Amino acid sequence: MSWAYVDGWEDDSETIREARTRAAELGCTPVGRPAASLLRLLAASLNAQAVVEVGTGAGVSGAALLSGMTSAGVLTSIDIEAEHQRVARETFTALGYDHVHTRLIAGRALDVLPRLSDAAYDIVFVDGDKTEYPAILAQAKRLLRVGGLAIFDNILWSGRVADESDQEADTNAIRALNEKIATDERVDLAMTPVADGVTLARV
């Protein structure tokens, strides 16, 4: 009941409601409203000007990040599905974010991230292939400026991470990420139960 209250506390705009509908049609799951609100707040708190997103989807999380970024901010969003990015582009355009503020790159995250500049980003938000999470952490630490945030979504994986009998590849990869972050002296860590779990790692 409490989670239902939180989820319904802040309503989506018509554009974001449409993006959520289109995400379902595409077969991708957008961040929930509480997670979107958290992304917006974190971007605003950091005065974020440069953000990397892994997992564009239909543009719901990207829109949340953009709404918290500075007016000169640029979102670089990576997704292996070009069709997802086409829909996301329509979402961003409808919200008033043009090509100056959004850079969409179609490709596998671990192929694209190494081409991005060191220490040039305020936030790296990750909501893509879970099996890539541990490797993406290493890239995120390289990409982030001092004080920047790596944000990983679905860190609880619908409760499966806590179930030791679940040995699926996705679940084990998230566990591996959690262990890596917990023992990394370079980062400050907070694991939150927001939505499906969000881990924040400050470099």
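Analyst: Two strands are said to pair if DSSP finds at least two bridges between them, and the elements themselves are DSSP runs numbered from the N terminus, helices (H or I) of at least four residues and strands (E) of at least two. The model is predicted, so that local features need pLDDT of at least 70 and side-chain atom pairs count only at pLDDT 80 or more, whereas totals for chains, interfaces and linings use all residues. Residues are numbered from 1 along each chain as its sequence is written, and side-chain values use heavy atoms, with hydrogens and water left out.

The sheet is open and consists of 7 strands in the order β3-β2-β1-β4-β5-β7-β6, with mixed pairing. Its edges are β3 (102–106) and β6 (188–192), each of which pairs on one side only. From one strand to the next the twist averages 15°; angles run from 0 to 180 degrees between N-to-C directions, and axes are lines fitted to C-alpha atoms, for helices over the stretch in contact.

V124 stands opposite A150 of β5. Strand β5 is largely enclosed by the rest of the structure, because 8 of its 10 residues are buried; buried means under 20% relative accessible area, exposed over 50%, and partly exposed in between (1.4 Å probe, protein chains only).

L144 illustrates this setting. The residue lies in β5 and is buried, with a relative accessible area of 3%. Leaving aside residues up to four places away in sequence, L144 touches A119, Y121, D122, I123, V124, L149, A150 and V203, contact meaning heavy atoms within 4.5 Å. The C-alpha atoms of L144 and A120 are 6.0 Å apart, although 24 residues separate the two along the chain. A119, one of the residues that L144 touches, belongs to the loop between α6 (109–112) and β4. With 49% relative accessibility A119 is partly exposed, and its phi is near 50°, a positive value in a residue other than glycine. W157, in the loop between β5 and α8, likewise has a positive phi of about 50° without being a glycine, but W157 counts as buried at 15% relative accessibility.

Helix α5 (residues 82–94) touches β2 (74–79) and β3, and its direction makes about 170° with that of β3. H84 sits in α5 and is buried, at 12% relative accessibility. Beyond four places in sequence, its contacts are L26, C28, G57, A58 and D79. Helix α7 (residues 133–143) lies across β1 (50–54), β4 (121–126) and β5 (144–153), at about 155° to β5.

Helix α7 also packs on helix α8 (residues 169–182), at an angle of about 35° and with the axes 8 Å apart. Here Y133, P134 and L137 of α7 meet A173, I174, A176, L177, K180 and I181 of α8. By class this contact comprises 8 nonpolar, no polar and 1 charged residues, where Ala, Val, Leu, Ile, Met, Phe, Trp, Tyr, Cys and Pro count as nonpolar, Asp, Glu, Lys and Arg as charged, and the others, Gly among them, as polar.

The largest pocket holds about 710 Å³ of space. Its lining numbers 35 residues, with G55, D127, G128, D129 and K130 nearest the centre. The elements that contribute two or more residues to this lining are α4 (60–68) and β2. By class the lining divides into 13 nonpolar, 13 polar and 9 charged residues. A pocket is an open set of points on a 1 Å grid over the protein atoms alone, where a 1.4 Å probe fits, with protein on both sides within 12 Å along at least five of seven lines; lining residues have an atom within 4 Å of a point. Grid points are joined across faces, edges and corners, and the volume is the space filled by probe spheres set on the points.

Helix α4 is itself largely enclosed by the rest of the structure, since 8 of its 9 residues are buried. These are V60, S61, G62, A63, A64, L65, L66 and G68.
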